[in-house]
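Subject: A structure for you to explore

Hello,

I am handing over the structure we talked about, so please open it and have a look around.

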Amino acid sequence: MKVSIYTGLAIAAFTGSTLAYDIPDNVQAFYDKVKNGGSCTGDDLLKGGFYAEEGGSKNFGYCQKYFTDKGLYLKGPGTKLADMDIDCDGNQHGLDSRCGSSDDTQSETAFKDQVSKYGISDLRADIHPYVVLGNYGSYSPTFDPEDYDIKPLSVVAVVCNNKLIYGIWGDTNGDDGPPLVGESSLAVGTACFGDSINGNNGHEGTDVLYIAFAGDSAVPGSSADWKASSYKDFEDSIKDLGDQLVASL
(Lines give C-alpha, C1' and ligand atoms only; values in the text may rest on other atoms or scores of the structure.)
Protein backbone atom coordinates (compact mmCIF):
# COMPACT_ATOMS: atom_id res chain seq x y z
CA MET A 1 0.00 0.00 0.00
CA LYS A 2 1.27 3.47 -0.84
CA VAL A 3 -0.57 6.36 0.79
CA SER A 4 1.43 9.03 2.52
CA ILE A 5 0.35 11.98 4.59
CA TYR A 6 2.01 12.76 7.90
CA THR A 7 0.07 14.86 10.38
CA GLY A 8 2.98 15.67 12.66
CA LEU A 9 2.71 13.80 15.99
CA ALA A 10 6.29 13.17 17.02
CA ILE A 11 8.06 10.31 18.79
CA ALA A 12 7.97 12.36 22.00
CA ALA A 13 4.43 11.10 22.52
CA PHE A 14 5.98 7.79 23.54
CA THR A 15 8.34 9.04 26.25
CA GLY A 16 9.23 6.19 28.56
CA SER A 17 9.07 3.45 25.94
CA THR A 18 12.01 2.18 23.93
CA LEU A 19 10.50 2.67 20.51
CA ALA A 20 13.54 4.20 18.81
CA TYR A 21 17.21 4.88 19.49
CA ASP A 22 19.45 7.90 19.24
CA ILE A 23 21.42 7.94 15.99
CA PRO A 24 25.09 6.99 16.47
CA ASP A 25 27.58 9.48 15.07
CA ASN A 26 28.75 7.16 12.29
CA VAL A 27 25.17 6.46 11.19
CA GLN A 28 24.39 10.18 11.15
CA ALA A 29 27.53 10.76 9.07
CA PHE A 30 26.43 8.06 6.62
CA TYR A 31 22.92 9.55 6.43
CA ASP A 32 24.33 13.01 5.71
CA LYS A 33 26.74 11.64 3.11
CA VAL A 34 24.00 9.75 1.29
CA LYS A 35 21.54 12.65 1.49
CA ASN A 36 24.02 15.22 0.23
CA GLY A 37 25.83 12.97 -2.23
CA GLY A 38 23.57 13.77 -5.14
CA SER A 39 21.56 11.45 -7.34
CA CYS A 40 22.52 7.79 -7.61
CA THR A 41 23.84 6.99 -11.09
CA GLY A 42 26.05 4.58 -13.04
CA ASP A 43 27.18 1.41 -11.32
CA ASP A 44 26.02 2.79 -7.97
CA LEU A 45 22.41 2.63 -9.15
CA LEU A 46 21.35 -1.00 -8.90
CA LYS A 47 17.95 -0.23 -10.43
CA GLY A 48 16.09 3.03 -10.94
CA GLY A 49 12.77 4.14 -12.37
CA PHE A 50 10.56 3.73 -9.29
CA TYR A 51 7.95 6.03 -7.76
CA ALA A 52 7.84 7.25 -4.17
CA GLU A 53 4.15 8.03 -4.65
CA GLU A 54 1.59 7.37 -7.32
CA GLY A 55 1.54 10.19 -9.83
CA GLY A 56 4.91 11.49 -8.69
CA SER A 57 8.27 11.41 -10.40
CA LYS A 58 9.71 8.07 -11.45
CA ASN A 59 13.26 8.74 -10.33
CA PHE A 60 13.74 6.76 -7.11
CA GLY A 61 15.81 3.63 -6.94
CA TYR A 62 17.97 1.09 -5.16
CA CYS A 63 21.48 2.43 -4.58
CA GLN A 64 24.84 1.20 -3.26
CA LYS A 65 26.85 4.42 -3.40
CA TYR A 66 29.35 4.52 -0.49
CA PHE A 67 28.13 0.98 0.31
CA THR A 68 29.34 -1.13 -2.61
CA ASP A 69 28.84 -4.88 -2.16
CA LYS A 70 27.80 -4.35 1.48
CA GLY A 71 24.09 -3.80 0.93
CA LEU A 72 21.74 -1.21 -0.51
CA TYR A 73 19.43 1.65 0.34
CA LEU A 74 16.61 3.64 -1.27
CA LYS A 75 17.53 6.95 -2.87
CA GLY A 76 15.74 9.66 -4.80
CA PRO A 77 17.12 12.51 -6.93
CA GLY A 78 19.31 15.21 -5.42
CA THR A 79 18.94 15.24 -1.64
CA LYS A 80 15.80 13.10 -1.60
CA LEU A 81 15.83 9.72 0.14
CA ALA A 82 12.49 7.86 0.50
CA ASP A 83 9.11 8.38 2.11
CA MET A 84 7.28 6.05 4.49
CA ASP A 85 3.96 4.54 3.56
CA ILE A 86 2.29 2.07 5.87
CA ASP A 87 1.87 -1.66 5.31
CA CYS A 88 -0.61 -3.65 7.41
CA ASP A 89 -0.17 -6.97 5.61
CA GLY A 90 0.27 -10.22 7.51
CA ASN A 91 -1.41 -11.74 10.56
CA GLN A 92 -4.65 -9.83 11.12
CA HIS A 93 -5.58 -11.45 14.46
CA GLY A 94 -5.63 -8.78 17.17
CA LEU A 95 -4.10 -6.22 14.82
CA ASP A 96 -4.07 -2.58 15.92
CA SER A 97 -7.32 -0.89 14.90
CA ARG A 98 -5.35 1.86 13.15
CA CYS A 99 -4.82 -0.62 10.33
CA GLY A 100 -8.56 -0.63 9.72
CA SER A 101 -8.29 2.51 7.60
CA SER A 102 -6.21 0.69 4.99
CA ASP A 103 -8.03 -0.33 1.83
CA ASP A 104 -5.13 -2.41 0.52
CA THR A 105 -4.29 -4.87 3.31
CA GLN A 106 -3.29 -8.40 2.38
CA SER A 107 -3.77 -11.33 4.75
CA GLU A 108 -0.18 -12.50 4.39
CA THR A 109 3.33 -11.17 3.81
CA ALA A 110 5.77 -12.32 1.17
CA PHE A 111 7.83 -14.28 3.71
CA LYS A 112 5.02 -16.01 5.55
CA ASP A 113 6.50 -19.43 4.84
CA GLN A 114 9.99 -18.45 6.01
CA VAL A 115 8.82 -16.90 9.28
CA SER A 116 6.54 -19.83 10.10
CA LYS A 117 9.57 -21.91 11.08
CA TYR A 118 9.93 -19.64 14.12
CA GLY A 119 6.54 -20.69 15.45
CA ILE A 120 4.28 -17.88 14.22
CA SER A 121 1.75 -17.90 11.40
CA ASP A 122 3.04 -14.65 9.87
CA LEU A 123 4.42 -11.23 10.74
CA ARG A 124 2.07 -8.79 12.47
CA ALA A 125 2.36 -5.18 11.36
CA ASP A 126 1.91 -3.62 14.80
CA ILE A 127 4.48 -5.90 16.47
CA HIS A 128 7.10 -6.71 13.85
CA PRO A 129 8.95 -3.66 12.45
CA TYR A 130 9.22 -4.88 8.90
CA VAL A 131 10.32 -2.95 5.81
CA VAL A 132 9.00 -3.48 2.29
CA LEU A 133 11.76 -3.95 -0.30
CA GLY A 134 11.79 -5.40 -3.82
CA ASN A 135 9.36 -4.97 -6.70
CA TYR A 136 7.75 -7.99 -8.29
CA GLY A 137 5.00 -7.54 -10.86
CA SER A 138 3.94 -7.28 -14.47
CA TYR A 139 5.08 -3.65 -14.44
CA SER A 140 8.54 -2.29 -15.24
CA PRO A 141 11.03 -1.98 -13.68
CA THR A 142 11.20 -4.87 -11.25
CA PHE A 143 13.89 -5.51 -8.63
CA ASP A 144 14.88 -8.47 -6.46
CA PRO A 145 17.10 -7.58 -3.45
CA GLU A 146 18.18 -11.22 -3.21
CA ASP A 147 20.15 -10.69 -6.42
CA TYR A 148 22.39 -8.48 -4.27
CA ASP A 149 22.62 -10.90 -1.33
CA ILE A 150 19.91 -9.26 0.78
CA LYS A 151 18.29 -12.10 2.70
CA PRO A 152 14.62 -12.39 3.65
CA LEU A 153 14.00 -11.47 7.31
CA SER A 154 17.38 -9.72 7.55
CA VAL A 155 17.87 -6.58 9.63
CA VAL A 156 17.23 -3.21 7.97
CA ALA A 157 18.25 0.04 9.67
CA VAL A 158 15.74 2.87 9.32
CA VAL A 159 16.79 6.46 10.00
CA CYS A 160 13.69 8.60 10.43
CA ASN A 161 12.65 11.73 12.32
CA ASN A 162 16.12 12.00 13.93
CA LYS A 163 15.83 8.47 15.32
CA LEU A 164 17.16 5.01 14.49
CA ILE A 165 14.88 1.97 14.17
CA TYR A 166 15.93 -1.62 13.57
CA GLY A 167 13.53 -3.46 11.31
CA ILE A 168 13.60 -6.56 9.15
CA TRP A 169 12.98 -7.14 5.46
CA GLY A 170 9.53 -8.63 5.83
CA ASP A 171 7.46 -7.90 2.73
CA THR A 172 7.69 -6.98 -0.94
CA ASN A 173 5.93 -4.66 -3.37
CA GLY A 174 3.63 -6.82 -5.45
CA ASP A 175 1.56 -6.47 -8.58
CA ASP A 176 -1.28 -4.38 -7.13
CA GLY A 177 -0.11 -0.99 -8.42
CA PRO A 178 2.79 0.83 -10.07
CA PRO A 179 6.45 0.15 -9.12
CA LEU A 180 6.69 1.96 -5.79
CA VAL A 181 9.31 2.16 -3.02
CA GLY A 182 9.34 3.49 0.55
CA GLU A 183 7.03 1.46 2.79
CA SER A 184 7.15 -0.19 6.21
CA SER A 185 4.90 -1.76 8.78
CA LEU A 186 2.70 0.14 11.21
CA ALA A 187 5.22 -0.64 13.97
CA VAL A 188 8.01 1.21 12.15
CA GLY A 189 5.78 4.14 11.28
CA THR A 190 4.62 4.50 14.88
CA ALA A 191 8.15 4.32 16.28
CA CYS A 192 9.27 6.98 13.83
CA PHE A 193 6.36 9.40 13.75
CA GLY A 194 3.91 8.60 16.55
CA ASP A 195 0.46 7.12 16.85
CA SER A 196 -1.18 9.42 14.31
CA ILE A 197 0.26 7.00 11.78
CA ASN A 198 -2.30 4.50 10.51
CA GLY A 199 -3.01 2.24 7.57
CA ASN A 200 -3.96 5.18 5.39
CA ASN A 201 -1.69 7.84 6.88
CA GLY A 202 2.08 7.64 6.50
CA HIS A 203 4.93 10.14 6.12
CA GLU A 204 5.20 11.89 2.77
CA GLY A 205 8.58 13.58 3.27
CA THR A 206 11.40 11.96 1.30
CA ASP A 207 13.82 12.10 4.23
CA VAL A 208 13.77 8.48 5.44
CA LEU A 209 16.84 6.29 4.92
CA TYR A 210 16.33 2.50 4.70
CA ILE A 211 19.63 0.55 4.84
CA ALA A 212 19.59 -3.17 4.00
CA PHE A 213 22.67 -5.23 4.83
CA ALA A 214 23.96 -8.05 2.63
CA GLY A 215 24.83 -11.54 3.74
CA ASP A 216 23.70 -14.25 6.13
CA SER A 217 25.19 -12.37 9.07
CA ALA A 218 22.38 -9.81 8.82
CA VAL A 219 19.69 -12.42 9.54
CA PRO A 220 18.78 -12.68 13.25
CA GLY A 221 17.20 -16.11 12.84
CA SER A 222 16.08 -17.79 16.05
CA SER A 223 17.80 -15.15 18.20
CA ALA A 224 14.92 -12.76 17.39
CA ASP A 225 11.80 -12.94 19.55
CA TRP A 226 9.41 -13.70 16.70
CA LYS A 227 6.69 -14.66 19.19
CA ALA A 228 6.93 -11.29 20.94
CA SER A 229 3.64 -9.78 22.07
CA SER A 230 4.84 -6.19 21.65
CA TYR A 231 6.93 -4.11 19.28
CA LYS A 232 9.32 -3.24 22.12
CA ASP A 233 10.04 -6.88 22.93
CA PHE A 234 10.78 -7.72 19.31
CA GLU A 235 12.88 -4.58 18.79
CA ASP A 236 14.93 -5.36 21.89
CA SER A 237 15.64 -8.85 20.54
CA ILE A 238 17.30 -7.58 17.34
CA LYS A 239 19.08 -4.55 18.81
CA ASP A 240 22.45 -6.22 19.40
CA LEU A 241 22.63 -7.42 15.79
CA GLY A 242 21.46 -4.05 14.53
CA ASP A 243 24.17 -2.31 16.55
CA GLN A 244 26.80 -4.61 15.06
CA LEU A 245 25.62 -3.97 11.52
CA VAL A 246 25.45 -0.18 11.75
CA ALA A 247 28.87 -0.10 13.41
CA SER A 248 30.25 -1.11 9.99
CA LEU A 249 28.89 1.99 8.25
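Below is what turned up, starting with a strand and moving on to the aromatic rings.

Please keep in mind that this is a predicted model.

Let's begin with strand S5, residues 130–135. This strand is mostly covered, with 6 of its 6 residues buried. S5 has strand S7 (residues 163–173) as a parallel partner, joined by 4 bridges. S5 also pairs with strand S8 (residues 183–185), this time in the antiparallel sense and over 2 bridges.

Now for the rings. The whole structure holds 10 aromatic pairs. One of them is tilted: tyrosine 21 and tyrosine 166 sit 5.7 Å apart, centre to centre, with 40° between their planes. Tyrosine 21 belongs to the segment before helix H1 (25–36) and tyrosine 166 to strand S7, so the pair links parts of the chain 145 residues apart. Both tyrosine 21 and tyrosine 166 are buried.

Another pair, phenylalanine 111 with tryptophan 169, is edge-to-face, at 4.9 Å centre to centre and 85° between the planes. Phenylalanine 111 lies in the loop between strand S4 (82–87) and helix H2 (112–115), while tryptophan 169 is in strand S7, 58 residues apart. Tryptophan 169 counts as buried because its relative accessibility is 0%.

Finally, lysine 239 lies over the face of tyrosine 21, at 5.1 Å from the ring centre.

Enjoy exploring!

Definitions and conventions: Residues numbered from 1 in each chain as written. Predicted model: local features only at pLDDT ≥ 70, side-chain atom pairs only at ≥ 80, totals over all residues. Heavy atoms only, no water. Buried < 20%, exposed > 50% of the residue type's maximum accessible area, 1.4 Å probe, protein only. Pairing = 2+ DSSP bridges. Phe/Tyr/Trp six-rings, centres within 6.5 Å; stacked < 30°, edge-to-face > 60°. Lys NZ or Arg CZ within 6 Å of the ring centre and 35° of its normal.
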